[in-house]
Every structure is written in C-alpha cells, then in structure tokens.
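The sequence and the structure are shown first, and the description follows.

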Amino acid sequence: MLNRRSFIGLLAASPLLARPAFAATADVFSDGGLAIRGADPVAFFTAGAPTTGDAAHSLMWKGATWQFASAENMALFEANPEAYAPQFGGYCAFAMSKGSIASSVPEAWSIVDGKLYLNYSVNVRTIWSEDIPGNIARAESFWPDILTA
C-alpha cells in the first residue's frame, strides 16, 4: 500500500511521474493529446463513473482533445466546460497540493463540492482523501502559477 511517505519518495525518485514545474507546462494534462486519457468528463457527474469517450464526439479545449460518450454530453461540456473539466487541469490533485505536477488516471476520481478532481492512482486518492479540504486549499495556492514556474 502506498502511504504518504512512500508517495513523496515516489515524487522525488520519479521525475517523469511528478515534478516541480520548471518550464511552461500544458494547461491540461493529456495522454497522447487526450484529456482524462479519453474518458468523458461529463459522465463522472451523470453516470457516476469513468466512461470511455468516443472519437466521434470530441472537441478541442485548452489544447487537448476531450472525448464524450454521447453528443448530449459533448453539448453539456461545450456550453460550460469549467463545470465538467477536472480541477488543476486534470493533473493529480494530491501532487498539486505538494507543489508538484503528476499525471492522473480516470479511475482515481472524486467529486467534491460539485468539482471533479483526479489523482495519480487509486492509492494516492486514498491518501488525498485523508484531508480533502486542506489538500484542495494547498493545491489552489500553487494553481495555475505552477504551470509557468
């Protein structure tokens, strides 16, 4: 099991997984250009689970391609992307609370106060969940300046 100390060690030992931002970083984490690794951001709210999007229902926003499970979900996002896009550009919310940038996976998600948060892994989400308000507040103190730091 990954605890807080081993996660911080992972951050320090794995510069490709998590790192302080030294140069301009993309506004949105994407894997191969796909935000949320191709998961539909609206489905977290409507289906209550990560749902794979379809390339037939996709659009560009903030430099990444967002995919949706349906035309309806795409229209909801298009009308108000900030309501559905993950916080901190889809980067790991726990790493952000530590002043670092890390990738995320759709399986490690949480909705808190109507906002979507993603984490590096389900284990990291468990650690993040130990102090959600504190972690969000710390992450917000770094966001979005960390992208250009």
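## Terms and basis

Two residues are in contact when heavy atoms of theirs lie within 4.5 Å. Helices (H or I, at least four residues) and strands (E, at least two) are DSSP runs, numbered from the N terminus.

The model is a predicted one, in which local features need pLDDT of at least 70 and side-chain atom pairs count only at pLDDT 80 or more, while totals for chains, interfaces and linings use all residues. Residues are numbered from 1 along each chain as its sequence is written, and side-chain values use heavy atoms, with hydrogens and water left out.

## Overall composition

The secondary structure of the protein consists of 7 helices and 8 strands. Of its 149 residues, 47% are buried, where buried means under 20% relative accessible area, exposed means over 50% and partly exposed lies in between (1.4 Å probe, protein chains only).

The accessible surface amounts to about 7200 Å², and 56% of this belongs to carbon and sulfur atoms. Such areas come from the Shrake-Rupley method with a 1.4 Å probe, and for residues only the protein chains shown count as cover. Among contacts between residues at least 6 apart in sequence, 60% join residues at least 24 apart.

## Helix α7 and its surroundings

Helix α7 spans residues 132-142, and its buried residues are Ile132, Gly134, Asn135, Ile136 and Ala139. The cover over these buried residues includes α5, β7 (105-112), β8 and α6 (122-128). At the start of α7, a side-chain oxygen of Asp131 comes to within 3.1 Å of the backbone nitrogen of Gly134. This is within the limit for a polar contact (a pair of N or O atoms within 3.5 Å; within protein, one must be able to donate a hydrogen and the other to accept it, and residues adjacent in sequence count only if both atoms are side-chain atoms).

The segment after α7 contains Pro144. The peptide bond from Trp143 to Pro144 is cis, with omega near -5°.

## Nonpolar cores

A nonpolar core is a set of buried Ala, Val, Leu, Ile, Met, Phe, Trp, Tyr and Cys residues joined through side-chain atoms within 4.5 Å. The largest one has 20 residues, of which Met96, Tyr117 and Trp128 touch the most other members. Two or more residues of this core come from each of α5, β6 (101-102), α6 and α7. Helix α5 supplies the largest share, 4 residues.

Beyond its neighbours within four places in sequence, Trp128 is in contact with Ala93, Phe94, Ser110, Val112, Tyr117, Asn119, Asn135 and Ile136. A second, separate core of 18 residues includes Val28, Ala39, Phe44 and Leu59.

## Aromatic pairs

The structure contains 11 aromatic pairs. Rings of Phe, Tyr and Trp (its six-membered ring) pair if their centres lie within 6.5 Å; planes under 30 degrees apart count as stacked, over 60 as edge-to-face and the rest as tilted. Phe88 and Tyr117 form a tilted pair, with 5.9 Å from centre to centre and 50° between the planes. The pair links distant parts of the chain, 29 residues apart: Phe88 lies in the loop between α4 (81-84) and α5 (93-97), and Tyr117 in strand β8 (residues 115-119).

Phe88 and Tyr117 are both buried. They belong to one aromatic cluster, together with Phe29, Tyr91, Trp128 and Trp143.

Strands β7 and β8 run antiparallel and are joined by 5 bridges; two strands pair if DSSP finds at least two bridges between them. Ser110 stands opposite Tyr117 in β8. The two strands form a hairpin with 2 residues between them, and Asp113 in the turn has a positive phi of about 50°, although Asp113 is not a glycine. Asp113 is exposed, with a relative accessible area of 77%.

Strands β4 (residues 54-61) and β5 (residues 64-68) are also antiparallel, joined by 5 bridges. Leu59 stands opposite Trp66 in β5. This hairpin has 2 residues between the strands, and Lys62 takes a positive phi near 55°. Lys62 is partly exposed, with a relative accessible area of 48%.
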